[in-house]
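Please keep the sequence and the model at hand while reading.

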Amino acid sequence: VGKTCGMLVWCLLLLAAQSVAGWGAPVAARPRAAHAVHGASAPARAPRVAVSMAPVVVGKPAQQARLYSSPEPPKVAGGLKVGQRKLVVLTGASSGLGLSTLKALQKKKGYFVVCAVRDVAKMQRVVKEEGLDAGALTIMKLELGNLKSVRDFVQNLRAFKLTRPLDYLICNAAVYLPKDPQARFTDDGIEQSLGINHVGHFLLARLLIDDLKAASDPRCVIVGSITGNTNTIGGGLVYPRADLGDLEGLRSAAAGQKYVEMADGKGFFGAKAYKDSKVCNMMTMYELHARYHASTGINFASMYPGCIADTPLFREKRQWFRTLFPLFMKYVTGGYVSEEEAGERLAQCVTDPACKKSGIYWSWNGNAQQVGVKKNFWDPPSGAGGSGGEIFENQVSDEVRNREKSRLMWEYTSKLVGLQP
């Protein structure tokens, strides 16, 4: 009964609010409805993706300051500072899930974290305000919205660590822009959700393959999301659904077209742009696994930490949403997880011997394909990916595992960042 009532309330609230991705955002003209998923029934029999003849929607960028202007001076010869600790690169370490992961790694000891952040001064303040161990980290500039910045970061990282290997790469940083009626673009003319969440991390992971493979237990974790998996409530029932279409937008960007609004080539839709970027993140993990695991020994994984309903990722939302959404996820759906616990989960992916596997999408406490179940009236629901539970190997959607789309994503993104597929 509890499960049925919870599902009923969940569906009614979803219908009333349109979507968890769009709640709290002003109603803007939507250029089109989300179209059907072209996921294959099995990865081995994925159909070829037909090329669309529809014109790609190109935006007109508003006046905005460049995200990145010049590199910071490298910090050299950091080997003595790192010592015998495992060396970790963590993107987006100054807030939200990234900061919680940094705290979890510091509690575990034995890890030295390179905080790869866009705002170095902010990270410096956070270290002081949070009482973090400054001797167990260093801060380096990384603007994922500028491909030169990614390359500059890799050079600075190598100057810092010299010949020692990189043990773990955690690709966590992300932007979520559901309120925006028009697309914002990176310095390279890529829509920001795609450019920062996917393209910047794609280039970073590719450039650091050689640095990782020299480690004894190398791991690369790319944070995924249920919102990019249409086989979940949050990704399948909540409009808009993630759908890369025929990747015509990404193909055009790879061919040199600037200011393409969406990966599918259609008009900008902020909530969908985030979801599509998460599909690309998870596809990237599987492609890295298929192309590099056997030859390098690097373990590639993705994960869903649970719904961190009070994360700064929702800072673009209105206040009523930021107040009510955590209560809704905690007491109705059972999908809520605190930032602290989510950080412990992400840290677990690189520290737990049980996670020494490749090509895995990790989750906890249920697969988020149903609402949670109440054991007692006053207890929060459980079993929907929220707080508690054990880690397990979850299943992604057919869209994520579509081999032909993944191949095209890899080919187009490689060309976009100037690398061979």
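Ser149 lies in helix α5, which spans residues 147–161; helices (H or I, at least four residues) and strands (E, at least two) are DSSP runs, numbered from the N terminus. The model is predicted: local features need pLDDT of at least 70, side-chain atom pairs count only at pLDDT 80 or more, and totals for chains, interfaces and linings use all residues. Residues are numbered from 1 along each chain as its sequence is written, and side-chain values use heavy atoms, with hydrogens and water left out.

Ser149 counts as buried because its relative accessibility is 1%. Buried means under 20% relative accessible area, exposed over 50%, and partly exposed in between (1.4 Å probe, protein chains only). Apart from neighbours within four places in sequence, Ser149 contacts Tyr68, Leu142 and Glu143, where contact means heavy atoms within 4.5 Å.

Strand β1 (residues 86–91) has 5 of its 6 residues buried. Two strands pair if DSSP finds at least two bridges between them. The pairings of β1 are as follows.

| Partner of β1 | Residues | Bridges | Direction |
|---|---|---|---|
| β2 | 111–117 | 6 bridges | parallel |
| β4 | 168–171 | 3 bridges | parallel |

Leu90 stands opposite Cys115 in β2, and Val89 has Leu169 in β4 as its bridge partner. In a regular strand, side chains alternate between the two faces of the sheet. Together, β1, helix α3 (residues 96–108) and β2 form a right-handed β-α-β unit; right-handed means that, with the strands pointing away from the viewer, the path from the first strand over the helix to the second runs clockwise.

A nonpolar core is a set of buried Ala, Val, Leu, Ile, Met, Phe, Trp, Tyr and Cys residues joined through side-chain atoms within 4.5 Å. The largest one has 63 residues, and Phe153 and Leu169 have the most contacts inside it. Helix α10 (residues 270–296) supplies the largest share of this core, 8 residues. A second, separate core of 36 residues includes Ala93, Val113, Ala301 and Met303. Beyond four places in sequence, Leu169 contacts several residues, among them Val89, Leu204, Leu208 and Cys220.

How many disulfides does the model have? The count is 0, a disulfide being a pair of cysteine sulfur atoms within 2.5 Å. The sulfur of Cys171 has its closest cysteine sulfur in Cys220, 4.7 Å away, so the two are too far apart for a bond. Cys171 is buried, at 2% relative accessible area, and Cys115 is buried, at 0%.
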